[in-house]
Amino acid sequence: MSYNSSTVGSGSRTGRMTLEFGRTHVVRPKGKHQATIVWLHGLGDKGSSWSQLLETLPLPNIKWICPTAPTRPVALFGGFPCTAWFDVGDISEDSPDDLEGLDAAASHVANLLSTEPADIKLGIGGFSMGAATAIYSATCRILGQYGNGNLYPIHLSAVVGLSGWLPCSRSLRNQISVSHEAARHAAALPILLCHGSGR
């Protein structure tokens, strides 16, 4: 299974560019297939790292899809290229958001889930930057659209984020709070967010 490219529009720090997504690794369920979860790695990592770990979990009814982010310049590292779902300059609420990069990543994830059978529950999860992308995807589902206004096509059953954050939190918080339909969708989507204690 291979999904490779997405075009990022102008307006972000990345400008207009074509992103080549890396290899996608799939862990097939050992039992009856009941759910598919796209699991997103953190900054500088790759899908194979997580697929090896997820294969060892005692969750026989889940199919795991572990894509690899594009290699791109990352402002946080002074423009040094590494695998990243979107560009990030600082991990704070005040950091400028790479909306085009986030939309490209969320669209790639939705594309990976779009071919799953209709009776399968769909989820997204991730670690660090992957968690941020998963949470952003959940917000797109809640609002019914990507940040660029295009329709979000996937019905998510669950979202998991480990050590992540919500990119675009300032603007998205306002959009969700003023829309009764978005608030209803938010209440219906189970989201598990976990952070370590720092010890």
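Okay, strand β5: Ile62, Trp64 and Cys66 point one way, Lys63 and Ile65 point the other way, and all of them are buried. Buried here means under 20% relative accessible area, with exposed over 50% and partly exposed in between, using a 1.4 Å probe and protein chains only. In general, side chains in a regular strand alternate between the two faces of the sheet. With five of its five residues buried, β5 (residues 62-66) is largely enclosed by the rest of the structure.

Quick housekeeping. This is a predicted model, where local features need pLDDT of at least 70 and side-chain atom pairs count only at pLDDT 80 or more, while totals for chains, interfaces and linings use all residues. Residues are numbered from 1 along each chain as its sequence is written, and side-chain values use heavy atoms, with hydrogens and water left out.

So what sits around β5? On one side, strand β3 (residues 25-27) runs antiparallel to β5, joined by three bridges, and Val27 stands opposite Trp64. Strand β4 (residues 35-40) pairs with β5 in the parallel sense over four bridges, and there Ile37 is the bridge partner of Trp64. The pairing rule is at least two DSSP bridges between two strands. Helices and strands themselves are DSSP runs, H or I with at least four residues for helices and E with at least two for strands, numbered from the N terminus.

Now zoom out. The open sheet has six strands in the order β3-β5-β4-β8-β9-β10, with mixed pairing. β3 and β10 are at the edges with a single partner strand each, so one side of each has no neighbour in the sheet. From one strand to the next the twist averages 15 degrees.

Walking along from β4, we get a parallel pairing with β8 over six bridges, where Ile37 has Gly123 as its bridge partner. Then β8 and β9 pair in the parallel sense over five bridges, with Ile124 across from Val159 as bridge partners. The chain gets from β8 to β9 through α3, in a right-handed β-α-β crossover. Right-handed means that, with the strands pointing away from the viewer, the path from the first strand over the helix to the second runs clockwise. β9 then runs parallel to strand β10 (residues 191-194), joined by four bridges, and Val159 turns up again, with Ile191 as its bridge partner in β10. As for the faces of β9, Val159 and Gly161 are on the covered one, and Ala158, Val160 and Leu162 on the uncovered one.

Next, the helices. β4, α1 and β5 make another β-α-β unit, and that unit is right-handed. α1 lies across β3, β4, β5 and β8, running at about 160 degrees to β5. Angles run from 0 to 180 degrees between N-to-C directions, and axes are lines fitted to C-alpha atoms, for helices over the stretch in contact. α3 packs on the sheet too, touching β4, β8, β9 and β10, and its direction makes about 145 degrees with that of β8.

Ser51 is buried at 9% relative accessible area. Leaving aside neighbours within four places in sequence, its contacts are His25, Val27 and Cys66; contact means heavy atoms within 4.5 Å.

Which residues meet where α2 and α3 come together? From α2 we have Leu99, Leu102, Asp103, Ala105 and Ala106, and from α3 Thr133, Tyr136 and Ser137. The two axes come within 9 Å and cross at roughly 85 degrees. That makes α2 roughly perpendicular to α3, a label for 65 to 115 degrees, with under 35 roughly parallel, over 145 roughly antiparallel and the rest oblique.

Last bit: aromatics. Rings of Phe, Tyr and Trp (its six-membered ring) pair if their centres lie within 6.5 Å; planes under 30 degrees apart are stacked, over 60 edge-to-face, and the rest tilted. That gives six aromatic pairs. One of them is Trp50 with Phe127, tilted, at 5.8 Å centre to centre and 40 degrees between the planes. Trp50 in α1 and Phe127 in β8 are 77 residues apart. Trp50 is buried at 15%, whereas Phe127 is partly exposed at 34%.
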